[in-house]
Amino acid sequence: MAERRPQEADIRVLLIDDDESEPLQVRRYLAQISHGTYALDWVRTYSEGLAAVQAEAHDICLVSCRLGPDNGIDLIRESVAQGCPTPLILLTGQDDYAIDLEAMQAGAADYIAKASLSAPLLERVVRYALERHRTWRDTEASQDRYRQLADNFPGIVMQVERGPDGTISVPFVNAFALRFLRRDPAEIASYFAVDSGESLVHPDDRDAFVKMLVRTRNSGDLVSWEGRVTDGQGSWRWFHGTCQGRESGGAYVWEGAFLDVHQRIEAEAQVLRLNTELENRVATRTLELQESEKRYRDLIEDSIQGIVIQPSREI
């Protein structure tokens with residue numbers, strides 16, 4: 001039975017190896033795998049391998065540790081640095097922990113000693129690598145959707161992390177916050193430091209803001225807050241939102257979303273001012289009417305007291 005072309009196979013495999021016997025062995029192992037169909041492409045040099053990886057035409061790549069005068073680990077490192085999304089598995093002639101560690105640090109998805117290579121091992125390593133890759137891809141897609149939603153949110157969306165050593169960082173901040181605050185994440189993080197003499201929050205609202213952070217840390221509850229935040233140029237805008245915290249690998253992360261409600265607050269304040277002004281005007285007018293009525297009543301009473309009734313002479 002003829003082997004399917006790469007575009008027809010379930011899994012497309014790229015082998016980068018300068019040993020002419022290696023593709024024959026790998027192809028034989030792939031043919032023994034009962035689940036799915038595999039198609040194998042083979043290139044033998046560093047430059048050919050790098051170009052094939054960059055083409056992103058394969059589901060997984062097997063990279064030999066030795067490529068003539070070149071090094072497969074270097075190829076993996078360069079591919080990962082260029083943003084290669086394809087899982088890269090290192091094949092080496094010896095089972096060596098140091099090489100294994102170096103491969104992982106370079107970005108390899110896994111490591112196989114050629115002496116141990118078999119159809120079951122190859123199938124398992126490829127399957128695990130592809131599963132991890134799918135999980136990573138789904139996570140990346142989820143994070144992209146989150147970022148898109150956050151960047152379209154008309155307010156501040158931010159993660160603030162306090163590390164085990166007390167170091168403060170801002171792993172995520174949305175586009176609105178960067179534009180509004182006019183500061184980069186490192187500068188924003190500095191305002192959350194314990195010894196910071198400055199704050200992004202208005203002095204009158206700062207205590208409530210700190211209490212919100214403390215409460216989320218102590219209880220994990222979703223806590224709301226409303227207050228003013230500086231725009232980086234001396235002006236303040238009102239925000240309302242919620243914050244929640246969670247443990248993360250020994251660190252603590254606060255996540256908050258705060259909607260820009262400045263126009264609502266200003267409108268409410270304007271309505272309150274108008275109501276107060278109207279009430280004052282009504283009270284003033286009422287007092288004027290009462291005083292006018294009193295003057296009119298006094299005038300009538302004075303007029304009545306001045307009237308003399310004369311008896312009729314015809315009686």
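Reply: The largest pocket holds about 730 Å³ of space, in what is a predicted model. Its lining is made up of 30 residues. Nearest the centre of the pocket lie Tyr191, Phe192, Phe209, Val210 and Leu213. Two or more lining residues come from each of β8 (155–162), α8 (206–219), β10 (223–230), β11 (236–248) and β12 (251–260). Of these elements, α8 contributes the most, with seven residues of the lining. By residue class, the lining of the largest pocket has 22 nonpolar, three polar and five charged members.

Now the helix pair. Helix α2 covers residues 46–55 and helix α3 covers residues 72–81. The two helices pack at an angle of about 30°, and their axes are 10 Å apart. Angles under 35 degrees count as roughly parallel, so α2 is roughly parallel to α3. The crossing of α2 and α3 is right-handed. On the α2 side, the contact is formed by Tyr46, Gly49, Leu50 and Val53. These residues meet Asp74, Leu75, Glu78 and Ser79 of α3. Sorted by class, the residues of the contact between α2 and α3 are four nonpolar, two polar and two charged.

Terms used. Residues are numbered from 1 along each chain as its sequence is written. This is a predicted model: local features need pLDDT of at least 70, side-chain atom pairs count only at pLDDT 80 or more; totals for chains, interfaces and linings use all residues. Side-chain values use heavy atoms; hydrogens and water are left out. Axes are lines fitted to C-alpha atoms, for helices over the stretch in contact, and angles run from 0 to 180 degrees between N-to-C directions. Helices (H or I, at least four residues) and strands (E, at least two) are DSSP runs, numbered from the N terminus. Angles under 35 degrees count as roughly parallel, over 145 as roughly antiparallel, 65 to 115 as roughly perpendicular and the rest as oblique. A crossing is left-handed if the near helix is turned anticlockwise from the far one by less than a right angle, and right-handed if clockwise. Contact means heavy atoms within 4.5 Å. Ala, Val, Leu, Ile, Met, Phe, Trp, Tyr, Cys and Pro count as nonpolar, Asp, Glu, Lys and Arg as charged, and the others, Gly among them, as polar. On a 1 Å grid over the protein atoms alone, a cavity is a set of points where a 1.4 Å probe fits but cannot get out, and a pocket is an open set with protein on both sides within 12 Å along at least five of seven lines; lining residues have an atom within 4 Å of a point. Grid points are joined across faces, edges and corners, and a volume is the space filled by probe spheres set on the points.
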